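The following account leads the reader through selected local features of one protein structure. Please keep the sequence and the coordinates at hand while reading.

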Amino acid sequence: MTTIRREVLTLPAAPLGPDNPLPPLRPLDEAHRIDDRDRADLPRDMARQIDYEPLRSLLPVQVRDGYGRGRAPSGLDALVIENDRLRATVLPALGGRIASLRHKPTDRELLYVNPVLQPANFALNGAWFSGGIEWNIGATGHTTLSCSPVHAARVPAPDGGQMLRLWEWERLRDLPFQVDLWLPDGSDFLYVGARIRNPHEHPAPTYWWSNIAVPEDRRVLAPADEAWHFGYEHRLRRVPVPEYDGIDRTYPLNSTYAADYFYEVPDDRRRWIAALDEHGHGLVQTSTDLLRGRKLFVWGSGPGGRRWQEWLTEPGTGGYCEIQAGLVRTQLEHVRLEAESEVSWLEAYGPLDAPPEGDWHAVLRGAEDRLEAALPRADVDGAYDAWLPYADAEPGERLATGSGWGALEVLRAGWKLPGTPFDEDTLGEQQRPWLHLLRAGSLPDPEHHEPPGGTLVARPWRDMLETTAATPLAEYHLGVAQWHGGDRAQAVRSWERGLQSLQGLESAQSPRNAQGPGAAADRWPLLRCLAVADREDGHHERAADRYAEAFADLCARRPDGPRDAGGDDRWTAVAAALGGEAIGALLAAGRTADARAVYERLEPATRARGRFRLTEAELLAAEGRREEARAVFDEGFEVADLREGAESIGLLWARLDDAPLPARYDFRMRPDRE
């Protein structure tokens, strides 16, 4: 019989650290935009879905950039679901990731298992790690839940056994989802029932890609003769499969640069994708037809791709590629989920043995025949039909607890979501001020002048902010919600009103209490928001002024005492975040001396971080001290939160030296020419 049990998985891990306290008012990156030259040749449905509600803001989610690269043995809570054939290890505190899928009769690991937990800047909101099977929901990119907890519980399975249910509230699109893991007795396949619900009275954009890491020394098979190639040069083109430019791209190491291949699977073909080693052993993923898309992502054999592979794990541990399955052809698209509706499907993961070499169509026929023998297409459809009535089954024993955001939304709207309860006892400190706004109609001031927490930006919460007492804190949050909604002029007015209110409060205080923790409230959060608005509008000098004023206000008001040896993480995080933004704005305005002054006021421990070592090199270069800037590279640094596709290190190096970029700094993911 299938069993579900708790375990502790011990491996070297880098702590996640605190979230960035500043609201992400600017887009995090533009890695997935399409060159306009390619739009005219797209199929109509693809073009329509690419243009449908692309993500323009991370709000209300905060950026996770507090991690480093120092790893120490750590115990991770794991849930193991197992029958006599398969064992799946799930990490509920890390997005419900399946870290391992082991086939017991052959003692083979079917996935790429990362031997370390090393966060890197690949999720939409920053922290992400490689390996296993992840559930990407929300918008184009790795989910914001990559390093966040989800709810987990036992539920009845269709065969009378038990399933492992994972569920959470996805905050970018405000949608609840669930993933049910089911291992029938004697089955070589793990079944995964997935459902996304839209409880709102309006349509919502929807996105889903199941992302499977497998060793890269494989041949990847999918039933297609064409694919859409997308690389970091932002070109989306239809290319033949398996060969493109005379090279068989179904072998991941045959590509030089990182790239996506979105397979054009014909409508009448079974949905599946497999990765097989030279002996024909490997993993296959298949699904009901609703999960239409299939994709291969490769890092490539070039120096940048190899450096990223080392960066995400440890040198010498082997590289990986990703095979994926999604709701539409490409990850650049979003689909419309109608009001008060849902979408669901079933996936299956298991071993496949089939010859990988030879003529493409012969190889595909052989693999498809082996898959049909091992798991008939009709059985997948039947498993989905059997699972669907159990999707609403109420969870039994709770095995892990996710966030309280779903509970807050359910309290606000009174929704009934059978099968995925968001209970009031999951509400936590992050939800506390918003629960107060919901029940009492006001926002409580943060205690001890702590940095303001995250802002809820959905229209119902914005309406509440517009009718509550116009305190500086309420104006701050209202402005963030208005900014998210596209009402930027209104946002600026709200932030300016908040500053005017503060000035009135401070003028009423005695001079002795006008500064420091005893002051009425902090000005820096409002000044920083206004500075971002100025930069976005091209007012660089005014933005620089406001950033400098905001950082000075923060330094004057934060609690006294040394924090270099692990003091208050919240204040350290906000000083680093605000200081980094201020330096960038001051340099953009040509105010090098002011940028240097901000840098010198950062804590020594902050300045020692790789991100700020790079900042120091940029400062030195701006000051004309090229030799000293070059010496920073010689001394060595690691930018722990280097963004996927970022080229800032290479660009600075090119300003300082004509020599080739050293390998340790080479993270380039595209050719030098477009």
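With the side chain of which residue does the side chain of Glu-342 make a polar contact? The partner is the side chain of Arg-195, at 3.4 Å. The model in which this pair is found is a predicted one.

Glu-342 belongs to strand S26 and is partly exposed, its relative accessibility being 40%. Apart from neighbours within four places in sequence, Glu-342 is in contact with Arg-195, Ile-196, Arg-197 and Leu-337.

The loop between strand S25 (335-337) and strand S26 (341-353) holds Glu-340. Its phi is near 50°, a positive value in a residue that is not glycine. Most residues other than glycine have a negative phi, and most peptide bonds are trans. Glu-340 counts as exposed, with a relative accessibility of 59%. Asp-107 also has a positive phi without being glycine, the value being near 55°. Asp-107 is placed in the loop between strand S4 (97-103) and strand S5 (108-109), and at 53% relative accessibility it is exposed.

Leu-59 and Pro-60 are joined by a cis peptide bond with omega of about 10°; Pro-60 sits in the loop between helix H1 (44-51) and S2. Val-241 and Pro-242 are likewise joined by a cis peptide bond, again with omega of about 10°. Here the proline, Pro-242, is found in the loop between strand S17 (236-240) and strand S18 (243-244).

Asn-83 lies in the loop from strand S2 (72-82) to strand S3 (86-91), while Ser-187 lies in the loop from strand S11 (175-182) to strand S12 (190-198). Is Asn-83 buried or exposed? Asn-83 is buried, at a relative accessible area of 3%, and Ser-187 is buried too, at 12% relative accessibility. A polar atom of the Asn-83 side chain lies 3.1 Å from the backbone oxygen of Ser-187. Beyond four places in sequence, Asn-83 touches Thr-2, Lys-104, Leu-183, Pro-184, Asp-185, Gly-186 and Ser-187. Ser-187, counted in the same way, touches Asn-83, Arg-85 and Leu-86.

Another loop, between helix H2 (303-312) and strand S24 (320-326), contains Gly-318. Gly-318 is partly exposed, at 44% relative accessibility. Although Gly-318 and Asp-217 are 101 residues apart along the chain, their C-alpha atoms are separated by 8.9 Å.

Attention now turns to the helices. Two packed helices are described by the angle between their axes and the distance between the axes. For helix H7 (residues 459-467) and helix H8 (residues 472-484), the angle is about 145° and the axes are 9 Å apart. Arg-462, Leu-465 and Glu-466 make the contact from H7, and Ala-474, His-477, Leu-478, Ala-481 and Gln-482 make it from H8. The crossing of H7 and H8 is left-handed.

Which residues of helix H17 (residues 648-656) are buried? They are Ile-649, Leu-652, Trp-653 and Leu-656. Viewed down the axis of H17, these buried residues fall within an arc of 105°, so they line one face of the helix. Leu-651 and Ala-654, on the other side of H17, are exposed. Helix H15 (610-622) and helix H16 (626-635) are included in what covers the buried residues of H17.

The cysteines complete the picture. A disulfide is a covalent bond between the sulfur atoms of two cysteines. How many disulfides does the model contain? With a cut-off of 2.5 Å between sulfur atoms, the count is zero. Cys-529 illustrates why: the closest cysteine sulfur, in Cys-555, is 18 Å from its own, which is too far for a bond. Cys-529 is buried, with a relative accessible area of 0%. Cys-321 is also buried, at 0% relative accessibility.

How values were computed. Residues are numbered from 1 along each chain as its sequence is written. This is a predicted model: local features need pLDDT of at least 70, side-chain atom pairs count only at pLDDT 80 or more; totals for chains, interfaces and linings use all residues. Side-chain values use heavy atoms; hydrogens and water are left out. Buried means under 20% relative accessible area, exposed over 50%, partly exposed in between (1.4 Å probe, protein chains only). Helices (H or I, at least four residues) and strands (E, at least two) are DSSP runs, numbered from the N terminus. The arc is that of the directions from the helix axis to the C-beta atoms. Contact means heavy atoms within 4.5 Å. A polar contact is a pair of N or O atoms within 3.5 Å; within protein, one must be able to donate a hydrogen and the other to accept it, and residues adjacent in sequence count only if both atoms are side-chain atoms. Axes are lines fitted to C-alpha atoms, for helices over the stretch in contact, and angles run from 0 to 180 degrees between N-to-C directions. A crossing is left-handed if the near helix is turned anticlockwise from the far one by less than a right angle, and right-handed if clockwise.
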